[in-house]
Amino acid sequence: MLMHTNPGSVVKLHKSEGGFFLYVFVSLDASIKGWDYCKPIVVVNGSFLSARRGTLITAYTQNAAGKNFLLAYSVVDSEDDASWEWFFERFRDTYGAREGVCIVSDMHESILNATSVVYPGVLHCVCMFHLWNNIKMSYTKNHIPIKELFFASAKAYTVEEFDRHMAEINNIDKRVGEYLLNVGYHRWSRAHSKVLGTTIMSLNIAESMNAANNYARDLPILHLLEYMMKLVQDWHHANKKNAIETSTKLAKQYEDIMRESYIASQRMTVKPSTDYLYTVIEDEKQFVVNLGERTCTCIRFQIDEMPCPHALAVVTYKSLDAYEYCSIYYNTDYLLKTYEISVYPVSDESTWDIPTEILEDVVLPPTGRIKPGRPKKLRIQLLPESQAKRCKISCGQCAQEVATERHAKIYGRKLDMFVGLHFFF
């Protein structure tokens, strides 16, 4: 398989013993260098490719402006333990170890299994939207009144507020409460999270990417990989331009939050206790702000890693610089550094200087059978993902669970059919 990328990029290809394609992993140099200036939160997702060609795996984070930052992408034969473990091993080899890394995904069992092997001890959070989808599918009668309570509990800053919402959920349906308890509160609840600044504990950025590469998933695999590289190139150019044009100390998303917090802080009363410890009164409620430790009893200061309204009231009272109390991952300096390395365009293939060992490396099309039916582009499961692996596919005409040669003839296909070399190259 032949693909030209920027110097410093990582491209890994894995074949079977017979030389058949299994997996490919790509991470561009611009992404590798930019990762140091983004929060160590990795969102992973898988989406089906057309024509039963496998699955496109993507890993993302967010830049200081809250925009998508694609770290790596991979094509694998299927989403199983082996393919996900191979992907995470390549990701670990490329990006190394980093303090405070958190992985966010859906509840796909193979992702959980792979991360436990490759990243033991690393916190694995669950996308709140996928978690809600599992609840909705399992408890259809009661999901409407529970929905608002679930998201309120997931986004609650304090354990007290979380417990209040969970008590209401249990009053409606105890099964939902037990299910959420078994998942682990620390994996989806902001109040229980062990990771600070968990503003992206969902697959929203990955799901939005599915729309961006929807067309590309119909392309031959090599063209798909080139499309992804050009997509990263376009994103880097646009985001770098926006970063250069940003005149504020924080990116717009966080400037807006600071502005709203500042407005709210204007009606608060500050009473000093020490040089760093203050009581802030809001609507007859008292909150304690510790500027030295950057904490507030409302919990927002430490979780969001930027001043809450109570902390801003203290900062204003002392005439301090509020930006000094914000995470470095929110400021425009880090945003600019994220895009210091550009994704350079690739010249025409006729100008490439290709080593002989690469030219002689033959990659055969993947083996395997093409299943009957129209291929899906989205990983939509009719049952909770924890139960999905127990489901068996049955033929729509004879109800047998495993497809046979007879079924293939009914659908006008051969079970050993696969697309030729032009499909890959």
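Let's start with the sheet: strand 3 (residues 41–48) runs parallel to strand 6, and three bridges join them. Strands here are DSSP runs of E of at least two residues, helices are runs of H or I of at least four, and both are numbered from the N terminus. Two strands count as paired if DSSP finds at least two bridges between them. In this pairing, I41 stands opposite C102 of strand 6.

A word on the source. This is a predicted model, where local features need pLDDT of at least 70 and side-chain atom pairs count only at pLDDT 80 or more, while totals for chains, interfaces and linings use all residues. Residues are numbered from 1 along each chain as its sequence is written, and side-chain values use heavy atoms, with hydrogens and water left out.

Back to strand 6. Strand 7 (residues 123–126) pairs with strand 6, also in the parallel sense, over four bridges. There, S105 has V126 as its bridge partner.

Buried is under 20% relative accessible area, exposed over 50%, partly exposed in between, with a 1.4 Å probe and protein chains only.

Next, the cores. The largest nonpolar core has 55 residues. Such a core is a set of buried Ala, Val, Leu, Ile, Met, Phe, Trp, Tyr and Cys residues joined through side-chain atoms within 4.5 Å. Helix 2 (residues 81–95) gives the most to this core, with six residues. Another core lies apart from it, with 22 residues, including L131 and I146.

Now the rings. The whole structure holds 23 aromatic pairs. Phe, Tyr and Trp rings (the six-membered one for Trp) pair if their centres lie within 6.5 Å; planes under 30 degrees apart are stacked, over 60 edge-to-face, the rest tilted. W132 and F150 are a stacked pair, at 5.9 Å centre to centre and 25° between the planes. W132 sits in helix 4 (residues 128–138) and F150 in helix 5 (residues 143–155), 18 residues apart. Why do we call W132 buried? Because its relative accessible area is 6%. F150 is buried too, at 0%.
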